[in-house]
There are 4 protein chains.
Amino acid sequence: MIPVVICGGSGYTGGELLRILSGHPYIKIVAVTSEKSAGKRVIEIFPHLHKYNALIYEPLNKEKLLNKADIFFLALPHGTSQDIVNFLFINNKRVIDLSADYRLTDPKVYKRWYGIPHKFVSTLKKAVYGLPEIYRGKIKKARLIANPGCYPTGAILGLLPALKNKLIDISSIIIDSKSGTSGGGRKADLAVSYCEVNEGFKAYGIGTHRHTPEIEQELSLLCGKEIKVNFTPHLLPVDRGILTTIYAPMGKKKTAGEVVKIYNETYKKEPFVRILEYGIYPNIKNIRGTNICEIGLKLNERTNTLIVVTAIDNLVKGASGQAVQNMNIMMGINEKTALDTIALFP
Amino acid sequence: MIPVVICGGSGYTGGELLRILSGHPYIKIVAVTSEKSAGKRVIEIFPHLHKYNALIYEPLNKEKLLNKADIFFLALPHGTSQDIVNFLFINNKRVIDLSADYRLTDPKVYKRWYGIPHKFVSTLKKAVYGLPEIYRGKIKKARLIANPGCYPTGAILGLLPALKNKLIDISSIIIDSKSGTSGGGRKADLAVSYCEVNEGFKAYGIGTHRHTPEIEQELSLLCGKEIKVNFTPHLLPVDRGILTTIYAPMGKKKTAGEVVKIYNETYKKEPFVRILEYGIYPNIKNIRGTNICEIGLKLNERTNTLIVVTAIDNLVKGASGQAVQNMNIMMGINEKTALDTIALFP
Amino acid sequence: MIPVVICGGSGYTGGELLRILSGHPYIKIVAVTSEKSAGKRVIEIFPHLHKYNALIYEPLNKEKLLNKADIFFLALPHGTSQDIVNFLFINNKRVIDLSADYRLTDPKVYKRWYGIPHKFVSTLKKAVYGLPEIYRGKIKKARLIANPGCYPTGAILGLLPALKNKLIDISSIIIDSKSGTSGGGRKADLAVSYCEVNEGFKAYGIGTHRHTPEIEQELSLLCGKEIKVNFTPHLLPVDRGILTTIYAPMGKKKTAGEVVKIYNETYKKEPFVRILEYGIYPNIKNIRGTNICEIGLKLNERTNTLIVVTAIDNLVKGASGQAVQNMNIMMGINEKTALDTIALFP
Amino acid sequence: MIPVVICGGSGYTGGELLRILSGHPYIKIVAVTSEKSAGKRVIEIFPHLHKYNALIYEPLNKEKLLNKADIFFLALPHGTSQDIVNFLFINNKRVIDLSADYRLTDPKVYKRWYGIPHKFVSTLKKAVYGLPEIYRGKIKKARLIANPGCYPTGAILGLLPALKNKLIDISSIIIDSKSGTSGGGRKADLAVSYCEVNEGFKAYGIGTHRHTPEIEQELSLLCGKEIKVNFTPHLLPVDRGILTTIYAPMGKKKTAGEVVKIYNETYKKEPFVRILEYGIYPNIKNIRGTNICEIGLKLNERTNTLIVVTAIDNLVKGASGQAVQNMNIMMGINEKTALDTIALFP
């Protein structure tokens, strides 16, 4: 059994790590931290996690935790993560960081979007962006994984085959995303209170959301040119799920069948990407609680536009599930371990 | 008191006409039809409509109804409406048709998208598209109003100022819409049953939704050139509301302030359009149950793209409220009569 | 136009007072207070209240507000209300207090359940419990209305005819209530955040909820004997509405028809109570946004038990609507003014 | 691998059997039937069941299916099940029937509540009521399991310790239940359509619901006396979950601590029943998707009433999970196999 520490275990992604890892046959959680809930039992904070009956939150004392485990999951706020990641990394631990702190390779871009400088640029250079569908080879050898953001996961997986195969004109990509409320985290905040969210729907942070540079970084790397995108997040009155509708003008003359074939070909070995039949579009409800990304395709011939719709569970493929997938890859375990589940429907 | 007949009063738009007209001081509903519920009291079908305690559904017998009223609202299925509208119109009645049958001016386009021929082309030529923000002058004199579709209302109002003022490049307009479930009508249908819709979200009819030609017709008229758009509807797990997110490359060099000013200027006399402060985006929850269209604006300077977000209640400004607004205009009544309400929040 | 002040206008009941009074032809709101939002415009806090474009929250300065109006609505937290009510009352104002501070006639009971002493016992004696269906006569002449709690309104109206007519055995009354989330107020609180409430359902405060003594006080007065009840509140994943299911053994031999007749008879002149046909039960959705209390009845002959189901909107008949109803009665205005509306359905 | 047939696999309980059994290491599904969807792939009907990529619905041909398996799950409508169960049973198969057809031991009671006679009384006598917490010993040896109804499961588990230990006065038990919408089955029906259920809440079938005699049968057996209960179901706007609030006057003088101890003692070896700490009440959200029944307790000393609140997932412990639990017991497999999961939260 591999000992694992979870730093930041009282939020939704932390809770989801606990849920997923409870079904992992090779893992043992030796500590879970929370500043606010230190001293409380996990099941006081998350009554559904009844299997962790004996587990108690402790404060994040990095020196004390260091020798308890070889693998550390960090589900801490952006900014807070920088220092802990660096400490664990230079002490030869394996780190999977669910924050944004090590995702942007350029510290200047990080500073511009997150408002704080990056203090550990040499560690930053060692981080591998944890999207297995692109970086599986590097993840295998990495000790520091920057686990992708929820929106970027859905957006990049939707565009990867199109960009790699130069199907589209990259000058005016539109990424219109709709996320469930758990994406905002577990917190006392009027903006995510029930009566404000329920029966509502709105866009927010248009053109200014911090996932924009992360999406642009990876799309640019995929096609070898600098890409700027229009990214608009919206808030859905559901617990979980992100649906992303992507629009791009076709750059090559292709039939719908050829596009579908390219997408199928690209992902044929991927355990967690499913291309739907042409004309079938994904529903976040069908992949809820799973690590799967479903992709639907439409070639609008009237407008010569490719429309790609992707669905993920923001807490699983968009966060904790992908983190476990990355751990499995790093550790040489079957990638599907603890993740080979079926959605809860309805 | 003006006598009014509602043909097709047992669906959600019919029920909403009854709700709105119950507060109208100059109107008296003299008959309401339903084939399936004929003989039943309105409050058996809609228990919330307690004020219509004595009103009973009757079958649609057009000859019998003809002399009962001067104004007829038709909330019938597409196709069914064609004949009734024509009959009432040639018999000198005023008709407000909530179906799509008289919205598309070109019968060939109608046939292509609705699959049936238009049998009353000369009557079709007399129909006025009932969007007061464009056609108020014509509506005043009309006897036949083709009440706009729900998606088109939100899309057209969002683009009108941009097109009239030639702000945008019209070659690649994206209209990404998200509608509440009542848009699908009141019916026994697994696809709209609670457990299928709740906690779900999906796109449907991408590039093939019948509101596409309606949107394109009106946008083309606004700018004097043929426009093709990418229109994608999505199904939201809420009862009411449509949020539409529109993307178009800027065609002119303008500042955000100039764009806002143009939008404010265009709609300054409109009682039911509200331009929000720059950076504030609408939420369908804030206009629920009202005839208001709220519009938020963003000029994304990184991508030189104008993003317009509009919110309407699909059953009110997107259907029955706009129908009453049109009736008020036709009858020379204050346009806000029975419509000057505040949203139910939360 | 009667000048009105609202003290505590940034919560859900305050917002609802503003919504309802916007349709009141004889009322003008001259001030609205909020400590936290002082200086902000009402529409910043409640974007749906667009009609109050010019209204700005101010701090509650009682001396300064005193001469601005004759009628004061107080939607302040329990405890805070005591002093303001007393000040306004002894200065000859009319006060409608939506808090619990003046509802319990016995200050000892108040202290036991609310944990603080009542400092203004002589003013407390002047308060009239604002349930028009019992106290309309007294309300007409009152200057201080203790507006009933949401749960008590639904519970008392459901039991009133049974108690007045001695239909039931009062020794084991069960009141099982289910309330929408707005009942918890507008606040940043994890317990009412979307992801905690949505798709969930739970009981809380069983046997200890503060509305228990209020219910018992009024039921005891109705039958002239001390009554103790089992009252269990539950939290519903909806915005608005309380459904209360009441069980009591029949004390008299009566047929279902006789019971229905007694209920109809009792409420026949009440504008806001509707007895449904026997076998039809209310749904909170049918009365949402209205001041109506719907009541369904079942006489279970197998167990000799009377089951009464009542539905109200907790923010309207359970708070702000009833407050306006009380104001109308006090002022000699038609009781239905501003309240004669139809539910928003769906 | 044990071959298994599912008769009636296109409803929610059928889908849930497929979901749960997909994680069962000793089971292979060899056929699944559906009359309406015969010839279609399972994933066309349930896109979330992607693991059953090759499985196709077939019509229920009992002779043809007979030799395909030893274990048959039947998720067929009441009435339809009678004959198939009997056929399989007399042909020496093991049958787990999720319908109500073999739950009521007295065919006269069956006829009274279900309106049709029972044609296979001798087979009916062999059926074991599949509530492991009462009948585990009999289930081990049974070949025909009448899998309990969803409401009865929550009600009986809540009362079992109280009745066995004679804690309560059995003359006036109140069972107030609230169920998620999936309890109504997967069907095209206006009554369960999204816009009718969402934001609503209502009671239905008060005193007449068919689960009443099932509850009474088992409670009567538990205490050796005939019990009649008041059972009221309500419809919750959630997908899954039943919360049941039970009231009974205390018959013995006990402290809260003693009551909790009795409940803990009764269920101490049960893998799927969890007694919460005194004062903590269950939430259906915490057990969603699991086979767990959570129980909260309150002894209301003011009224001398015991209040028990139970939460189950109606599709799991209330149907398909309990069916798998029964199969595990019958087959001598670890009872928790395929059921030892954590709830999806949020």
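This is a predicted model: local features need pLDDT of at least 70, side-chain atom pairs count only at pLDDT 80 or more; totals for chains, interfaces and linings use all residues.
Which residue in strand 5 of chain B does Phe73(B) stand opposite? The answer is Ile96(B).

Strand 4 of chain B (residues 71-74) and strand 5 of chain B (residues 94-97) run parallel and are joined by four bridges. Both belong to an open sheet of seven strands in chain B, ordered 3-2-1-4-5-7-6, with parallel pairing.

At the edges of this sheet you will find strand 3 (57-58) and strand 6 (128-129) of chain B. Each of these has a single partner strand, so one side of each is left without a neighbour in the sheet.

## Helices packed on the sheet

Helix 1 of chain B packs on the sheet, where it touches strand 1 (2-7), strand 2 (27-33) and strand 4 of chain B. Its direction makes about 160° with that of strand 1 of chain B.

Helix 4 of chain B (residues 80-90) also packs on the sheet. The strands that helix 4 touches are strand 1, strand 4, strand 5 and strand 7 (144-146) of chain B. Here the angle of about 160° is taken with the direction of strand 5 of chain B.

## Where chain A meets chain B

Turning to the contacts between chains, 40 residues from chain A and 40 residues from chain B take part in the A-B contact. On the chain A side, several elements supply at least two residues each, among them strand 8 (173-179), helix 9 (194-197), strand 10 (229-235) and strand 13 (293-300). Strand 11 of chain A gives the largest share, four residues.

What is the make-up of the side of chain A that touches chain B? Its residues divide into 18 nonpolar, eleven polar and eleven charged.

## Where chain B meets chain C

Between chains B and C, 21 residues of chain B are in contact with 21 residues of chain C. Helix 1 of chain B (residues 12-21) gives the most to the chain B side, with three residues. By class, the side of chain B that touches chain C has nine nonpolar, seven polar and five charged residues.

## A look at Lys253(B)

Our last stop is a loop residue. Lys253(B) sits between strand 11 (242-249) and helix 11 (256-267) of chain B. Is Lys253(B) buried or exposed? Lys253(B) counts as exposed, because it has 8 C-beta neighbours inside 10 Å, and the cut-off for exposed is 12 or fewer.

Asn304(B) lies 51 residues from Lys253(B) along the chain, and their C-alpha atoms are separated by 8.9 Å.

Definitions and conventions: Residues are numbered from 1 along each chain as its sequence is written. Chains are lettered from A and ligands numbered from 1 in the order in which they are written. Two residues are in contact if their C-beta atoms, placed from the backbone, lie within 7 Å. Ala, Val, Leu, Ile, Met, Phe, Trp, Tyr, Cys and Pro count as nonpolar, Asp, Glu, Lys and Arg as charged, and the others, Gly among them, as polar. Two strands pair if DSSP finds at least two bridges between them. Axes are lines fitted to C-alpha atoms, for helices over the stretch in contact, and angles run from 0 to 180 degrees between N-to-C directions. A residue is buried if 20 or more other C-beta atoms lie within 10 Å of its own, exposed if 12 or fewer, and partly exposed in between; C-beta atoms are placed from the backbone.
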